[in-house]
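Please look over the side-chain interactions of the chain shown here. The report goes through them by type.

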Amino acid sequence: VQLQASGGGLVQAGGSLRLSCAASGRPFSSYALGWFRQAPGKEREFVSAISRRNLTSHAGSVKGRFTISRDNAKNTVYLQMDSLKPEDTAIYYCAAASTIGTMSWEYNSWGPGTLVTVSS
């Protein structure tokens, strides 16, 4: 499956952004999708994931602020990010897996990232 993320940009602290990730290839409904991020000088970390049946999982640092959703008709997964903080600044990546997980090694398809910058 090929993935392409979009929607990144510059936003002030407290603001919102919505990331999108469009997929092509295998039937979209057949896999779980996740968002990961990597800040400068840090390792890639799990953000959110959604299963084939719309079960969701969020990292503690974003719980209550970020929402993941999917639209199988549009082959797209979204990450709604509210109450953004400067520490959310990172490159955000979407990824696909056969089952929902929180570890990057569980995902076998990755798209190029989109940069999110949150200013204080």
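## Salt bridges

Asp88 counts as buried, at 1% relative accessibility. The model is a predicted one. Asp88 takes part in a salt bridge with Arg37, where the closest N and O atoms are 2.9 Å apart. Arg37 belongs to strand E4 and Asp88 to the loop between strand E8 (76-81) and E9, so this bridge ties together parts that are 51 residues apart in sequence. Arg65 also meets Asp88 in a salt bridge, at 2.7 Å from N to O. Here too the pair links distant parts of the chain. Arg65 sits in the loop between strand E6 (56-58) and strand E7 (66-71), 23 residues from Asp88.

Arg37 has another partner, Glu45, in a salt bridge of 2.6 Å, N to O. How many salt bridges are there by this rule? The count comes to 3. Shared partners join Arg37, Glu45, Arg65 and Asp88 into one network. How accessible are its members? Arg37 has a relative accessibility of 5%, so it counts as buried. Arg65 is at 10%, and because buried means under 20%, it counts as buried too. Glu45 is at 37% and counts as partly exposed.

## Aromatic pairs

The count of aromatic pairs comes to 5. One of them is Phe36 with Phe46. Their ring centres are 5.7 Å apart and their planes stand at 75°. Why is this pair edge-to-face? Planes over 60 degrees apart count as edge-to-face, and 75° therefore qualifies. Phe36 is in strand E4 (residues 32-38) and Phe46 in strand E5 (residues 45-50). The two are 10 residues apart, and the pair links distant parts of the chain. Phe36 is buried, with a relative accessible area of 1%. Phe46 is buried as well, at 13%.

Phe36 also pairs with Trp110. The ring centres are 5.1 Å apart and the planes are at 55°, so this pair is tilted. Trp110 lies in strand E10 (residues 109-110) and Phe36 in strand E4, so the pair ties together parts that are 74 residues apart in sequence. Is Trp110 buried or partly exposed? At 29% relative accessibility, Trp110 counts as partly exposed. Ring pairs link Phe36, Phe46, Tyr107 and Trp110 into a cluster.

## Arg44 over two rings

Which rings lie under Arg44? One is that of Tyr93: the charged end of Arg44 sits over it, 4.0 Å from the ring centre. Another is that of Trp110, with Arg44 over its face at 4.7 Å from the ring centre. Trp110 is thus a point where two kinds of interaction can be read together: a ring pair with Phe36 and the charge of Arg44.

## The disulfide

A search of the whole structure finds 1 disulfide. A disulfide is a covalent bond between the sulfur atoms of two cysteines. In this model the cysteines are Cys21 and Cys94, with their sulfur atoms 2.0 Å apart. The link is right-handed, with 55° about the S-S bond. Cys21 lies in strand E3 (residues 17-24) and Cys94 in strand E9 (residues 90-97), so the bond ties together parts that are 73 residues apart in sequence.

Are these cysteines buried or exposed? Cys21 is buried, at a relative accessible area of 1%. Cys94 is buried, at 0%.

Ser48 has its place in strand E5. Ser48 is at 0% relative accessibility and counts as buried. Its side chain joins that of His58 through a polar contact of 2.7 Å. Leaving aside neighbours within four places in sequence, Ser48 is in contact with several residues, among them Leu33, Trp35, Val62, Phe66, Ile68 and Leu79. His58 is in that list as well.

Glu43 lies in the loop between E4 and E5. At 70% relative accessibility, Glu43 counts as exposed. Which residues does Glu43 touch, not counting those up to four places away in sequence? Glu43 touches Arg37 and Gln38. Arg37 is the residue that bridges to Glu45 and to Asp88.

Conventions: Residues numbered from 1 in each chain as written. Predicted model: local features only at pLDDT ≥ 70, side-chain atom pairs only at ≥ 80, totals over all residues. Heavy atoms only, no water. Phe/Tyr/Trp six-rings, centres within 6.5 Å; stacked < 30°, edge-to-face > 60°. Helix = DSSP H or I, 4+ residues; strand = E, 2+ residues; numbered from the N terminus. Buried < 20%, exposed > 50% of the residue type's maximum accessible area, 1.4 Å probe, protein only. Lys NZ or Arg CZ within 6 Å of the ring centre and 35° of its normal. Polar contact = N/O pair within 3.5 Å; in protein donor to acceptor, adjacent residues only side chain to side chain. Contact = heavy atoms within 4.5 Å. Disulfide = S-S within 2.5 Å. Salt bridge = Lys/Arg side-chain N within 4 Å of Asp/Glu carboxyl O.
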